[in-house]
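Let's walk through this model together, beginning at a single side chain and working out to the sheet and its surroundings. Please have the sequence and the 3D view side by side.

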Amino acid sequence: MSDNSIPVTVLSGILGAGKTTVLNHVLHESDDRDLAVLVNDMGEVNVDADLVAESSDIADEDEELVELSNGCICCELRGDLLDAIGELTQRRAFDGIIVESTGVAEPLPVAQTLTLGFDQSDLDPTEFYEETGIEPLEGCHLDTTVTVVDAHQFHTAMESDEILDDDGTKKHLGDLLVEQVEFCDVLVLNKCDLVDEETLEKVESTLEVLQPRAEIVRTEHGRIDPDNILETDRFDFEDASQSAGWIKELQEPHESAEDEHGVTSFVFEARRPFHPERFADLLDAFPDAVVRAKGHFWLATREDEALTFNVAGQSVRVGPGGQWIDTLPADERRDHLEATPQLEELWHDRWGDRNVRLVVIGTEMDHESLRDDLADCLLTDDELEADWSAFADRFPTFEPPESEAEDAADDADVDDQQEQTEELGIAD
């Protein structure tokens, strides 16, 4: 990275969290920095950009404020984001660039775009890029990812069943909030003046479990020291993408049942499949105390494929997790076992690598009761010897990946193939 590389900070957060208020405060308190701002808004009129221009010394006519409207920079406006970043870095040597995402944006694809640029396989070069040849990331680097959380509305948002529309893509509010919390370097806990200390500590405890790597900064009215989110040098893509609490729990499983503020977790593991009817019934009435759950599972009626499991607040999703290694041709199976020796230790004489592995995180959660409920969903000894194809299966079906060998179930925990996951209500 060049010493002249401009640090970029990305601000994320659901609608109403206070991103624009935080941004305006940082601009007011950064007289010693020459900052550029890029504001994304889903609407045709960029309301947040207007608020930034009105509330600070920055103005778009001074080429310090760039608006990206009528779309989201985590999906359809990724190319526009790179073009805008490239143009800003060509104009002059700013001390920093702040990107304010729209309220429905997921930070991971934004960070991926600002790390890989046009090298992403699903992102075609823009006309501007092809005409100018400007490499958008030559003059800058992603420095800090920030998620702003509304302390007053945090639990309400987690428990909400509201569905957001991201240009035709439906996103569950609680699911989006968790995605934003799990991928960040700094968590700005805003509106702390609206809740008491006990509530703040409970919210912080949940945030720490969901994202143990991030620094948590309490704020009121968005007032934050700019040094907390500018030029921190905290971003590392690999660390950020592997730092979510559920990943840590799967890597180092333990049962934390005595947390001071009631935020606890456990890992459920089994070497027999779930009965599709009983597990569907459980998911239809999954405990509200669970704020996050993730992992992969084996369904009796899907002997060849792993399925992924993703709970965030009131959102319950399942998706394809790839083909079990045991079902691959012998030579491919041997290659996988040689490449991953630890698999041999986990290999079952009858079931191969098929298994259930879920991490569950919740508040005031009854571990024993939920463990028992999950265990009751597993096939009994008699059912193991029965005809599994006779079981009714209400779970959605998924198109197989182009190369199932590359999507084997040992990667199911990390890559949940989100494009194909489906929201449940199974009973509906």
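Start at Arg234, which is partly exposed, with 28% relative accessibility. Here buried means under 20% relative accessible area and exposed means over 50%, with partly exposed in between (1.4 Å probe, protein chains only). Keep in mind that this is a predicted model: local features need a pLDDT of at least 70 and side-chain atom pairs count only at pLDDT 80 or more, while totals for chains, interfaces and linings use all residues. Numbering runs from 1 along each chain as its sequence is written, and side-chain values use heavy atoms, leaving out hydrogens and water.

What does Arg234 meet in a salt bridge? Its partner is the side chain of Glu215, at 3.8 Å from N to O. Arg234 sits in the loop between β9 and α9 (237–241) and Glu215 in strand β9 itself, so this pair ties together parts that are 19 residues apart in sequence. Glu215 is partly exposed too, at 31%. The term stands for a side-chain nitrogen of Lys or Arg within 4 Å of a carboxyl oxygen of Asp or Glu. In general, side chains of opposite charge can pair when their charged atoms come close.

By that rule, the model has 18 salt bridges. Another of them links Arg213 and Asp185, whose closest N and O atoms are 2.8 Å apart. Arg213 belongs to the loop between α8 and β9, and Asp185 to the loop between α7 (173–182) and β8, so the pair ties together parts 28 residues apart in sequence. Arg213 is partly exposed at 23%, whereas Asp185 is buried at 0%.

A further pair is Lys191 with Asp150, at 3.4 Å from N to O. Lys191 lies in the loop between β8 and α8 (197–210) and Asp150 in strand β5, so parts that are 41 residues apart in sequence are tied together. Lys191 is partly exposed, with 24% relative accessibility; Asp150 is buried, with 10%.

These strands now lead us to the sheet. Seven strands form an open sheet with parallel pairing, in the order β3-β2-β4-β1-β5-β8-β9. At its edges are β3 (65–69) and β9 (215–218), each of which pairs on one side only. From one strand to the next, the twist averages 20°. Helices (H or I, at least four residues) and strands (E, at least two) are DSSP runs numbered from the N terminus, and two strands pair if DSSP finds at least two bridges between them. Between β8 (residues 186–190) and β9, which run parallel, there are four bridges. Look for Leu189, which stands opposite Arg218 in β9.

Across β1 (6–12) and β5 (140–150) lies helix α4 (residues 107–116), running at about 165° to β1. Contact means heavy atoms within 4.5 Å. Axes are lines fitted to C-alpha atoms, for helices over the stretch in contact, and angles run from 0 to 180 degrees between N-to-C directions.

Finally, the cysteines. How many disulfides does the structure hold? The count is zero, a disulfide being a pair of cysteine sulfur atoms within 2.5 Å. For Cys72, the closest cysteine sulfur is that of Cys74, at 3.3 Å, which is too far for a bond. Cys72 is buried, with a relative accessible area of 0%, and Cys184 is buried at 0%.
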